[in-house]
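Have the model open while you read.

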Amino acid sequence: MKRVFLKIIKEDSAKKDPLQKKKDSLSKILVAGDSIAVGMSIGGMGLPGSKKGKSNHENIVPAFPAVMGGQSTEWIKNQILLQLSEKGKDYSAHKLIIIAGTNDALNSIRYPGKWSASKAIENVNSIAARCKQLGIDFTVMNLAPFEPKGRYVKMKNYVPQLRKGDDSGELDPVMQTKHNEFVEAFNNGIAKYNNFDLGSTSADGIHVYGSSGNKAILNRALSSLKISISQVEIPTRDPSINIVPKGSVSSTDCHVNDNCNCVDRSISGEVT
């Protein structure tokens, strides 16, 4: 019977291969926002959506607790601050995309005392302050004017607060002006942060539908953070698992380091 001895040498753990360097440089992406954020997360990131409440369509993204359709900056602020309240967690490698203010702007037309651009900006400022405390880079989406197309132009039951109070369904210039004033004030208020544009909306004048349009939103958001889709991963509740784009690699994935010399597989001696 033969016994074979392998020569064991110490691994040089300080020497990283290119794949390990890439894994170490990945940014963990978080999203907080409304229905536009839902669309970007599902259509742009490829994440699964779900339905909550009486919604007939996917209005939440389980991977992002602070994302839900129809929500205001107040709700978004409360949810993301709750998410970021976990004690002892290191957020230094995290980046946050904030998409908020669209519903505040629409609500302000009917209830200007309760909803205002200044209050919406205050909510974003609260998120920004927390991000700075935790070392999180973040970006905020600029709001866009309401410019419906096609059948939505005179659809009187769609965004009725911006339309004339008759059967024509036409947009009310006075209400449109008020909405545009909110949009301008909000965008001016967040201009001190990293920003990105929504871009061209679908016919409804608010949302972006389809994969290509939502990927474009995501790319603009990431570009404002000076990163690309190949440099990100999405953290989950399980710290050992991160979601990455198709064909990419997660920082938690295992791989063989080509520079590792843990074991010299040549035979150093044998005894008969």
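Helices α4 and α6 have axes that come within 9 Å and cross at roughly 140°. This is a predicted model, by the way. Are the two helices parallel or oblique to each other? Angles over 145 degrees would count as roughly antiparallel, so at roughly 140° the α4 and α6 pair is oblique. As for handedness, α4 passes α6 in a right-handed crossing.

If you want to click through the side of α4 that faces α6, pick Asp-104, Ala-105, Leu-106, Ser-108 and Ile-109. Their partners in α6 are Met-175, Lys-178, His-179 and Phe-182. Sorted by type, the residues of this contact come out as five nonpolar, two polar and two charged.

Now for the other pair. Helix α3 covers residues 73-83 and helix α5 covers residues 117-134. Their axes also come within 9 Å, but here the crossing is at roughly 15°. That falls under the 35 degrees cut-off, so α3 and α5 are roughly parallel to each other. The crossing of α3 and α5 is left-handed. On the α3 side, the contact is made by Thr-73, Glu-74, Ile-76, Lys-77, Ile-80 and Leu-81. The α5 side brings Ala-120, Asn-123, Ser-126, Ile-127 and Arg-130. That contact splits into five nonpolar, three polar and three charged residues.

Here are the two pairs in one place:

| Helix pair | Axes come within | Crossing angle | Handedness |
|---|---|---|---|
| α4 and α6 | 9 Å | roughly 140° | right-handed |
| α3 and α5 | 9 Å | roughly 15° | left-handed |

How many cavities of 30 Å³ or more turn up in a search of the whole structure? The search finds one. About 110 Å³ of space lies in the largest cavity.

Which residues sit nearest the centre of that cavity? They are Thr-102, Ala-144, His-179, Gly-205 and Ile-206, out of 15 lining residues. Two elements give two or more residues to the lining, namely α4 (102-110) and α6 (173-189). Of these, α4 gives the most, with three residues. That brings us back to the oblique pair: His-179 is among the α6 residues that meet α4, and His-179 is also one of the residues nearest the cavity centre.

What kinds of residues make up the lining of the largest cavity? Eleven are nonpolar, four are polar and none are charged.

Methods. Residues are numbered from 1 along each chain as its sequence is written. This is a predicted model: local features need pLDDT of at least 70, side-chain atom pairs count only at pLDDT 80 or more; totals for chains, interfaces and linings use all residues. Side-chain values use heavy atoms; hydrogens and water are left out. Axes are lines fitted to C-alpha atoms, for helices over the stretch in contact, and angles run from 0 to 180 degrees between N-to-C directions. Helices (H or I, at least four residues) and strands (E, at least two) are DSSP runs, numbered from the N terminus. Angles under 35 degrees count as roughly parallel, over 145 as roughly antiparallel, 65 to 115 as roughly perpendicular and the rest as oblique. A crossing is left-handed if the near helix is turned anticlockwise from the far one by less than a right angle, and right-handed if clockwise. Contact means heavy atoms within 4.5 Å. Ala, Val, Leu, Ile, Met, Phe, Trp, Tyr, Cys and Pro count as nonpolar, Asp, Glu, Lys and Arg as charged, and the others, Gly among them, as polar. On a 1 Å grid over the protein atoms alone, a cavity is a set of points where a 1.4 Å probe fits but cannot get out, and a pocket is an open set with protein on both sides within 12 Å along at least five of seven lines; lining residues have an atom within 4 Å of a point. Grid points are joined across faces, edges and corners, and a volume is the space filled by probe spheres set on the points.
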